[in-house]
Amino acid sequence: MVPPIKTENLTKVYKLGGKEVRAVDGVNLEVPKGSIFGLLGRNGAGKSTLIHMLMGTVLPTGGRGTVLGYDIVKESLKIREKVGFMPEGLGFYEDLTAEQNLMAIARLIGLKKPKESVRECLKLVGLWEYRQRKYGEMSTGMRQRLGIAQALLKDPELLVMDEPTSGVDPDGAREFRRLIQELNKQGRTIFISTHLLYEIGLLFTHIAVMRQGKIVVQGSVSDLKEKLMAGQGYVYEVELSEPSQVIIDRICSLNGVKEAILEGNKLVVLCSKPLAPTLLSFLKGYGVESFRLTKPTLEDIFREFSG
Amino acid sequence: MRALEIARVEFGNIVRSNKFLAIVAIFTLMLLSGLCRVTEPSAATFEVPSATTHEVERVESDVKLGLKVMNAIGYSVLMLVPVVAVMLGFDVISGKVEKGIVRTLLAQPVFRDHIIAGTFVAGLTSLLVGVAMPLALSLSLAVLLLGITPSLADVALLITYLGVVAVFALAYYALSVFFSTVTGNSVKSLVAGILVWLFSSFMLPSLSTAIIRLLLGPPKFEQVQMGQMIVLRTDPDYMRKFTDLQNKILSLTLDYHFRVIQDQLLLGPGIKDYTGLLVLIAFSLATLIASFTVFVKREVR
């Protein structure tokens, strides 16, 4: 099965003031079908350039890539026919209403039943009652939803969104998350680039982290968390009814324990490998009230790899 | 087809905008004021004593209504049309880039040349409508309110004149679109357009005099006997050289070429020399092609 997005050594070099800038540097990316894929990276990491190359609006300097099986250089028009794309900072005609703007796009892409499609998309994003409002009079959240609506007009199996939540208030972000989950449940693959993790980070099933034009890590979120724990260590938090300083010395002598700290009645143990059964049996006599493995968050992964 | 679809939407957006409505209103009022002024007693009247009653009859000179209107509004057109064209064109491309419309359009199966071709078609159509609508409106109002009934010849003359005005407007519009495309910034584009207009309309005419004086030296005079008086007259040869040089310098501006055509129309027999018109059309085409090339070659970053 062809993955919705696949790139091999994709590169983009710009010339700025006589200097060569490698905005995207040998990117190998594979987005699994049906995933909610987060392309993470700080501002200027090369995310938008990569997305524009995938959509065919920027030509790569080297490497190759396919989107839904279409070549990103030779078949870019086909890609934009099939993929719902929401670029960063998109806008519409200010003196036209939400409905008129969507109708214009529906006609532009040659939909057979433009009116029906527009109505459906406006309802899906919750803008049906505001369809007669001019774009110039819409709030940021409503504009963002109109952006999603235009991407959905093609009824795409792949949605590509570049920084979709920037400038959106918390309510808007929550609404956005709900919508993305709903669209994903319908079987669509969703590819989102962002640097705002706290807003949509929880949605991602897979991520790739970009740094200075390169993909430094990619995979499923659960695999990456495992990977991070394996690299940095496993942190266990244990609440004890009878804490004692003696435990620290004893626990540190266990094979695989790097460090142990006692904070009140909470014992924090850092291990180089998974040690849950050993620790539990060792701490049996000390009145264990709770025992948990502290898993790294998406932010930890991002911080670790984005530099 | 995609370019035409974009043109259709663009045109709809332009004609709904307050800017466009304001421009149409200004043009209509200008034409109407020109039509109003022709109802005033003409300066070119003369008095004839009646042979039978010894009363004095006022006889209006036989000047075409169309020419009177052109005379009345000619100067305002020369001053206002460039400003209006710059106002229509300064954000045609940069505004679309700044507002993210280009990004939205490029998210669809269209190429950059579809976008700019559609934009040009919409812009030119709105320019034509912006010139034709005021004509129709002002003539209708003149007939209804002022009781002026223009003859077919008057209407034909006014249509020719407005056609020339449209070409003049197109030249400034194309220049403004070029600035808008190259700078990608509406403020810079507006400033550039206004600066060109100020330079062409006000600065260069004054500067040209100074330049010619530097080249030819101070004016030469000759003494001419007029009856009992001796008057000083500028040397005709000096004046001829002065005028030739001034025309050459001012021919660098769009205003000059429009004025040459306007003067031909005002003199009555119609346009005999089409050079000015051709220069304006060639300039418009060249700048539109340049804008097209710049826009198409630019990548989204």
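**Sheets, helices and a chain contact in a predicted model**

In the hairpin formed by β9(A) and β10(A), two residues lie between the strands, and A:Q212 adopts a positive phi near 50 degrees. This is a predicted model, in which local features need pLDDT of at least 70 and side-chain atom pairs count only at pLDDT 80 or more, while totals for chains, interfaces and linings use all residues. Residues are numbered from 1 along each chain as its sequence is written, and chains are lettered from A and ligands numbered from 1 in the order in which they are written. Helices (H or I, at least four residues) and strands (E, at least two) are DSSP runs numbered from the N terminus.

Strand β11 (residues 234-240) of chain A joins β14(A) through six bridges in the antiparallel sense, and A:L240 has A:V288 of β14(A) as its bridge partner. Axes are lines fitted to C-alpha atoms, for helices over the stretch in contact, and angles run from 0 to 180 degrees between N-to-C directions.

A:G26 sits in strand β2 (residues 19-31) of chain A. Why is A:G26 counted as partly exposed? A:G26 has 15 C-beta neighbours inside 10 Å, which is why it falls in that class; the cut-offs are 20 or more other C-beta atoms within 10 Å for buried and 12 or fewer for exposed, with partly exposed in between and C-beta atoms placed from the backbone. Beyond its neighbours within four places in sequence, A:G26 is in contact with A:N9, A:T11, A:G63 and A:K214, where contact means C-beta atoms, placed from the backbone, within 7 Å.

Helices α7 (residues 152-183) and α8 (residues 186-216) of chain B pack at about 145 degrees with their axes 8 Å apart. Residues of α7(B) including B:L175 and B:F179 meet residues of α8(B) including B:A192 and B:V196. That contact divides into four nonpolar, six polar and one charged. For these classes, Ala, Val, Leu, Ile, Met, Phe, Trp, Tyr, Cys and Pro count as nonpolar, Asp, Glu, Lys and Arg as charged, and the others, Gly among them, as polar. In the second pair, the axes of α10 (residues 254-266) and α11 (residues 275-297) of chain B come within 8 Å and cross at roughly 145 degrees. The residues joining α10(B) and α11(B) comprise eight nonpolar, two polar and no charged.

Finally, the contact between the chains takes 23 residues from chain A and 21 residues from chain B. On the side of chain A that touches chain B, α3(A) supplies the largest share, four residues. That side of chain A divides into twelve nonpolar, six polar and five charged residues.

How values were computed
Contact = placed C-beta atoms within 7 Å. Pairing = 2+ DSSP bridges.
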